[in-house]
Amino acid sequence: MPPSLQTLTTPTLLVLVLLTASAVSSSSLPPEDGIRVVSAEKRIDLTSPIVKVYLTLKVENAPSASDASQVLLAFTPTEAQHLAIVKATRAEGKRKKKTYMPLSVEASDLASTALNGARLYSVLLGAPLKPGETTTLEVLYVLTHTLEPFPAEISQSESQLVYFRDSAVLLSPYHVLEQVTYIKTPSNRIESFTRVDPTSRAGTELKYGTYKNQAPNSYLPILVHYENNRPFAVVEELVRKVEISHWGNVQITEHYKLRHGGARHKGVFSRLEYQSRPSISGASSFKNLLARLPPRVHSVYYRDEIGNISTSHLRTDSLKSELEIEPRYPLFGGWHCTFTIGYGLPLQDFLFESDDGRRYINLTFGCPLLDTVVDDLTIKVVLPEGSKNPQPVVPFVTEKHLEISYSYLDVVGRTTVVLKKKNVVGEHNVPFQVYYEFNPIFMLAEPLMLVSAALLFFVACIAYLHMDLSIGKSS
């Protein structure tokens, strides 16, 4: 008869607890527990308000382990909250023959087992990594709203200083044999930075490392206080409406709610000082933005609630079109403005027919404004009246739904595909498609309506002219 819990001695209970904890821990480990990082290089680009991190990881699968189909990336809870996108490639070959194969990245189901609330993402390797083999991964991830202005309020003539927080070593669920971290700032003005030996500085670049033999989930917090006067342009809301007409035109209308996301402006604004000393006064403000549009744009306009804004410049060539816009006033920290950009595009550049007979429109996701963060993006693709079975194809996760829109001479309305996504950056500016079925007979609906209305009008006029409505005497 086995002993009851009350009869077990303290050493026996301790052994049972340790065995249970070991069993739970081993059951929660990923199947690729033989992976280790041979070398890691982390480069952090702080030259803009959007933080871009480039990782080069040389990983090895232990000879005694099984095939590895994925490699895990770890992010702190704060990083996961501000993470906009993660992209990964796998380097194959050597030197001039080296090629890069894109890899899928997705949130891992093992996130609940990570230490200290770290969020795990899985890089799917495609071809499994055999025991004893090594491979090199190139990873890019983008963080938004992570730079903290300090001081939080500045006057018109002050430069903007910000805080950046990270770790001197790579946060990883694996053992890291060797690693180094580089941080690039936009100027030589670095007020202070945390030293974790070995640490060095050369101009605008900080170097942390080389560090060796770091245990899994190692984290050494660092803080960098530096100058960043780049435009902190934040689009709080962007609504892009794409109207497709099979008569040969694609009309795009974009409604922007723009905000300066940097240190708040304090005091009064002096236009005289701003114009007389442009290099000193308002260094952290911005007065123009650049929008990169498709080639062959036409009928471009730029306006707000007051009316047309004439301070814009359009440059076009065979590959792209660039629209430089200036708001009615320069934007300082915390200031807002709203405006609308509209333009037309030739239909033949974007509408195609698939092998199964369906039509599809090939468009670009994201925001055309360069170096901006879009907090809330909505894209509405208005299909021609009579379109059926729309199917959007987007290379990342978005919210999708359908609605009905009405325009001139519409009878049953136009099917509209609505796509929504938060925390959008320039890396999201990739092509996407909307497939749909369309019967060309519906193209005759509006001309027939116009012809019928004209005929009815003439018939009414003829009938009116031949009617005798005079009041005569009865015979």
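Let me begin with a term: helices, of at least four residues, and strands, of at least two, are DSSP runs, numbered from the N terminus. With that in hand, we may turn to the model before us, which is a predicted one.

In those terms, Pro151 lies in the loop between strand β8, residues 148-149, and strand β9, residues 153-154. The bond joining Phe150 to Pro151 is a cis peptide bond, with omega of about 5°. A cis peptide bond also leads from Gly209 to Thr210, where omega is near 25°. Thr210 is placed in strand β14.

Together β13 and β14 form a hairpin with two residues between them, and Gly203 in the turn has a positive phi of about 65°.

The largest nonpolar core has 49 residues, and Tyr208, Leu57 and Tyr141 are the members that touch the most others. The greatest contribution to this core comes from strand β3, residues 68-75, which supplies six residues. What does Leu57 touch, leaving aside residues up to four places away in sequence? Its contacts are Val37, Ser39, Ala40, Leu73, Thr135, Thr136, Leu137 and Leu170. There is also a second, separate core of 46 residues, which includes Ala291, Ile379, Leu419 and Val424.

I now move to the surface. Six residues, Tyr408, Leu409, Val411, Val412, Met449 and Leu450, form a nonpolar patch there, with about 640 Å² of accessible area together. Tyr408 is found in the loop between β28, residues 399-405, and β29, residues 414-424. Is Tyr408 buried or exposed? Its relative accessible area is 71%, and the cut-off for exposed is over 50%, so Tyr408 counts as exposed.

Finally, two residues other than glycine have a positive phi. For Asn217, phi is near 65°, and the residue sits in the loop between β14 and β15, residues 221-227. Asn217 counts as partly exposed because its relative accessibility is 26%, a value between the limits of 20% and 50%. For Asp371, phi is about 55°. This residue lies in the loop between β25, residues 359-364, and β26, residues 373-382. Asp371 has a relative accessibility of 57% and therefore counts as exposed.

How values were computed: Residues are numbered from 1 along each chain as its sequence is written. This is a predicted model: local features need pLDDT of at least 70, side-chain atom pairs count only at pLDDT 80 or more; totals for chains, interfaces and linings use all residues. Side-chain values use heavy atoms; hydrogens and water are left out. A nonpolar core is a set of buried Ala, Val, Leu, Ile, Met, Phe, Trp, Tyr and Cys residues joined through side-chain atoms within 4.5 Å. Buried means under 20% relative accessible area, exposed over 50%, partly exposed in between (1.4 Å probe, protein chains only). Contact means heavy atoms within 4.5 Å. Two strands pair if DSSP finds at least two bridges between them. Patches are made of residues with over 30% relative accessible area and no salt bridge: like charges are joined within 9 Å, nonpolar side chains (Val, Leu, Ile, Met, Phe, Trp, Tyr) within 5 Å. Accessible areas come from the Shrake-Rupley method with a 1.4 Å probe; for residues, only the protein chains shown count as cover. A salt bridge is a side-chain nitrogen of Lys or Arg within 4 Å of a carboxyl oxygen of Asp or Glu.
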